[in-house]
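I set out to look up the salt bridges of this model and to examine one of its helices. My entries follow in the order in which I made them.

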Amino acid sequence: MAIGSQHQGCYTRAMHCHLLIPGLRPPRPMRHEIDSALRLPALQTLLSRGERTEASTGDSNEWLCRTFGIAKQQDWPVTPITLRADGIEPGQHYWLRADPINLRVSRDRLIVTDSQSFALSQTEAETLTGILNQHFASDGLKFFSPSPDRWYLRLDQAPALETQPLGQAAGGYMDDHLPSGKDAQHWRTTINEIQMLLHEHPVNLAREERGELPINSAWLWGGGRLAEKPRSHFAAIWANDALARAFSQASNTPCATLPENTYAWLGASKNSGTSLIVLDQLDSPCHYGDVHAWTAAAQDMERAWFAPLKQALAKGQLESITLHAPCAQDAIEVQVDRKNLWKIWRRRKSW
């Protein structure tokens with residue numbers, strides 16, 4: 001459901017804004033590499049002068065599930081949500097994401113690379129999932145590729161398996177993030193079979209000849225069955241993130257792609273209410289430990305989002321801003337309103 005537009009400048013009624021910012025809290029080793037002199041003054045003001053509330057640890061997938069009222073199964077069941085958004089009805093089956101990945105050897109270990117680092121055509125995706133379906137048909141497994149970078153695996157029965165999201169594994173060693181649980185060994189064997197099937201497939205040989213990364217495995221994660229209908233307390237959602245957009249569709253919440261900056265968002269917002277804006281520009285640099293890319297993205301966000309949001313709050317165009325920075329170790333949540341900006345005794349702290 002798209003968000004309607006209105007004339008630029010017609011935003012006289014105050015609004016509430018929730019910012020979901022995955023990657024704002026990098027892993028601690030990466031934080032030590034980021035220049036301590038980095039200044040993000042608007043973001044630092046919002047974080048230091050706002051009111052901190054208790055935040056559950058976990059990644060953005062978990063945050064979205066919790067926020068939209070979806071309970072954890074064995075995994076946080078994101079797969080049925082994105083599957084339906086990709087045009088396939090989950091029915092009563094158990095589903096896993098089986099996203100295409102590249103594995104490369106580094107010091108005798110395999111490093112996971114996700115689709116943010118390679119392009120894959122729909123034809124290539126269908127060819128690769130086709131060979132998987134031929135091989136695993138007798139096992140009752142069925143692969144689907146409605147989107148080049150989102151593959152799905154349908155099972156009749158739920159395995160005793162807990163998985164880790166691809167976002168957590170990307171940029172890291174594969175064996176640190178493999179599934180666990182009673183059926184883990186069986187599924188690790190299945191993953192090895194997938195790798196052998198894809199390793200020298202003609203699609204991958206052609207990709208390597210063109211200098212492109214081969215798609216030599218699939219990452220299983222986010223398993224579950226379709227359960228309760230997601231509930232939303234947002235008037236609108238602004239995001240490029242596939243899961244956030246899928247939740248908007250499932251909860252009948254108006255949704256639009258992420259605008260270029262705060263000014264474009266204010267100009268497109270229809271009326272008062274609570275909006276969710278997903279700023280995921282820091283997510284990929286965070287996973288891959290790319291300090292330079294993280295710093296550049298943070299500075300861009302300061303100019304495009306944090307500084308003008310702070311200004312809009314000061315002018316009364318926004319009633320409040322809540323920043324959500326999910327993290328496995330020390331997630332933060334900060335709410336700031338106009339009166340908080342005047343608490344100048346709260347010194348601006350390092351981001």
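This is a predicted model: local features need pLDDT of at least 70, side-chain atom pairs count only at pLDDT 80 or more; totals for chains, interfaces and linings use all residues.

Entry 1: I counted as a salt bridge any side-chain nitrogen of Lys or Arg within 4 Å of a carboxyl oxygen of Asp or Glu. Arg 25 belongs to the loop between β1 (15-20) and α1 (28-33), and Asp 330 to the loop between β11 (318-325) and β12 (332-337), so the pair ties together parts 305 residues apart in sequence.

Residues are numbered from 1 along each chain as its sequence is written, and side-chain values use heavy atoms, with hydrogens and water left out.

**Entry 2: accessibility of the pair.** I applied these classes of relative accessible area: buried under 20%, exposed over 50%, partly exposed in between (1.4 Å probe, protein chains only). Arg 25 counts as buried at 18%, and Asp 330 is buried with a relative accessible area of 18%. I also recorded a network of salt bridges that links Arg 25, Arg 28, Arg 31 and Asp 330.

**Entry 3: other salt bridges.** My search of the whole structure returned 16 salt bridges. One of them joins Asp 300 to Arg 303, with the closest N and O atoms 2.4 Å apart. Both lie in helix α12 (residues 291-315), where being three residues apart separates them by about one helical turn. Asp 300 is partly exposed at 42% relative accessibility, and Arg 303 is exposed at 56%. Lys 339 forms a salt bridge with Asp 337, at 2.6 Å between the closest N and O atoms. Here Lys 339 is exposed at 55%, whereas Asp 337 is buried at 17%.

**Entry 4: helix α7.** I checked the length of α7 (residues 184-199): its 16 residues should span 22 Å at 1.5 Å a residue, and its end C-alpha atoms are 22 Å apart, which agrees. The expected span is 1.5 Å times one less than the number of residues. I listed Ala 184, Trp 187, Thr 190, Ile 191, Ile 194, Gln 195 and Leu 198 as the buried residues of α7. They cover an arc of only 145° around the axis, which puts them on the same side of α7; the arc is that of the directions from the helix axis to the C-beta atoms. The face turned away from the buried side carries the exposed residues Gln 185, His 186 and Met 196.

Note on methods. Helices (H or I, at least four residues) and strands (E, at least two) are DSSP runs, numbered from the N terminus.
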